[in-house]
Amino acid sequence: MPFNKLHVPKDLPVETCHAINNLLHDCLVETCGVNPDDYFCLVARYDADDMILHPTFLGKRDPAATIIIEIALLAGRSDEQKEALFKDVRQRLAAIQFPPENSIIFLLENRAIDWSFSPAGSVKSVLGL
């Protein structure tokens with residue numbers, strides 16, 4: 001169950017944010033076996049001056065137009081799945097005319113005990129994991 005957080009410049013259109021999250025969700029389903037119903041995203045908008053990003057670290061980018069894709073998900077994906085996810089996301093960003101070099105993606109892995117969606121308790125206890 002991933003939870004996506006998109007850190008984006010304030011002027012990035014809402015439609016682009018939704019398109020990015022949709023493609024991100026599709027990539028997670030296809031490369032990492034995520035349940036298609038696990039669809040959660042928060043968009044955080046920042047002034048260009050509030051995003052302090054090195055313009056050439058491991059690739060050239062426009063810091064004022066760069067997005068950061070933060071994905072929290074249950075641990076257990078292989079390195080190959082993660083690499084496939086990164087590649088797929090960037091290919092799909094290019095397909096929607098968003099420059100893939102202006103994206104930084106990172107994963108935060110955790111366990112079922114670290115999630116709760118209801119008063120019933122953790123995902124671990126609710127699902128009996």
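**Reading the helices, core and sheet**

Guide: Helix 1 passes helix 2 in a right-handed crossing, meaning that the near helix is turned clockwise from the far one by less than a right angle. Helices and strands are DSSP runs, of at least four residues (H or I) and at least two (E) respectively, numbered from the N terminus. The model is predicted, with local features needing pLDDT of at least 70 and side-chain atom pairs pLDDT 80 or more, while totals for chains, interfaces and linings use all residues. Residues are numbered from 1 along each chain as its sequence is written, and side-chain values use heavy atoms, without hydrogens or water.

Visitor: At what angle do helix 1 and helix 2 pack, and how far apart are their axes?

Guide: Two packed helices are described by the angle between their axes and by the distance between those axes. Here helix 1 (residues 14-32) and helix 2 (residues 79-95) pack at about 150°, and their axes are 9 Å apart. Axes are lines fitted to C-alpha atoms, for helices over the stretch in contact, and angles run from 0 to 180 degrees between N-to-C directions.

Visitor: Which residues of helix 1 meet helix 2?

Guide: On the side of helix 1 they are Ile20, Leu23, Leu24, Asp26, Cys27, Leu28, Glu30, Thr31 and Cys32. Their counterparts in helix 2 are Gln81, Ala84, Leu85, Asp88, Val89, Arg92 and Leu93. This contact (heavy atoms within 4.5 Å) comprises 10 nonpolar, 2 polar and 4 charged residues.

Visitor: Which residues touch the most other members of the largest nonpolar core?

Guide: In soluble globular proteins, nonpolar side chains tend to be buried together. In this model the largest nonpolar core has 20 residues, and Ile20, Ile69, Ile71 and Val89 touch the most other members. Such a core consists of buried Ala, Val, Leu, Ile, Met, Phe, Trp, Tyr and Cys residues joined through side-chain atoms within 4.5 Å. At least two of its residues come from each of strand 1 (3-9), helix 1, strand 3 (67-74) and helix 2. Helix 1 contributes the most, with 7 residues.

Visitor: With which residues is Ile20 in contact, leaving aside its neighbours within four places in sequence?

Guide: With those neighbours set aside, Ile20 is in contact with Leu6, Leu12, Ile67, Ile69, Leu93, Ile96 and Phe98. Another core, of 6 residues, lies apart from the largest one, and its members include Met1, Leu74, Trp115 and Val123.

Visitor: What is the order of the strands in the sheet?

Guide: Strands of a sheet pair through backbone hydrogen bonds, either parallel or antiparallel. This open sheet of 4 strands has the order 2-1-3-4, with mixed pairing. Strand 2 (41-46) and strand 4 (103-110) stand at the edges with a single partner strand each, so one side of each has no neighbour in the sheet. From one strand to the next, the twist averages 15°.

Visitor: In which sense, parallel or antiparallel, do strand 1 and strand 3 run?

Guide: Strand 1 and strand 3 run antiparallel and are joined by 5 bridges; DSSP must find at least two bridges for strands to count as paired. Phe3 stands opposite Ala72 in strand 3, and Leu6 stands opposite Ile69. With strand 2, strand 1 pairs in the parallel sense over 6 bridges, and there Val8 has Arg45 as its bridge partner.

Visitor: Where does helix 2 lie on the strands?

Guide: Helix 2 lies across strand 3 and strand 4, at about 145° to strand 4.

Visitor: Is Ile68 buried or exposed?

Guide: Ile68, in strand 3, is buried, with a relative accessible area of 16%. Buried means under 20%, exposed over 50%, and partly exposed in between (1.4 Å probe, protein chains only). Beyond its neighbours within four places in sequence, Ile68 is in contact with Lys5, Leu6, His7, Met51, Leu53, Ile104 and Phe106. Lys5, in strand 1, is partly exposed at 26%, although 5 of the 7 residues of strand 1 are buried.

Visitor: What is the phi of Leu58?

Guide: Most residues other than glycine have a negative phi. Leu58 has a positive phi of about 55°; Leu58 is in the loop between strand 2 and strand 3 and is exposed, at 78%. Gln97 also has a positive phi, near 70°. Gln97 is found in the loop between helix 2 and strand 4 and counts as exposed at 69% relative accessibility.

Methods. Ala, Val, Leu, Ile, Met, Phe, Trp, Tyr, Cys and Pro count as nonpolar, Asp, Glu, Lys and Arg as charged, and the others, Gly among them, as polar.
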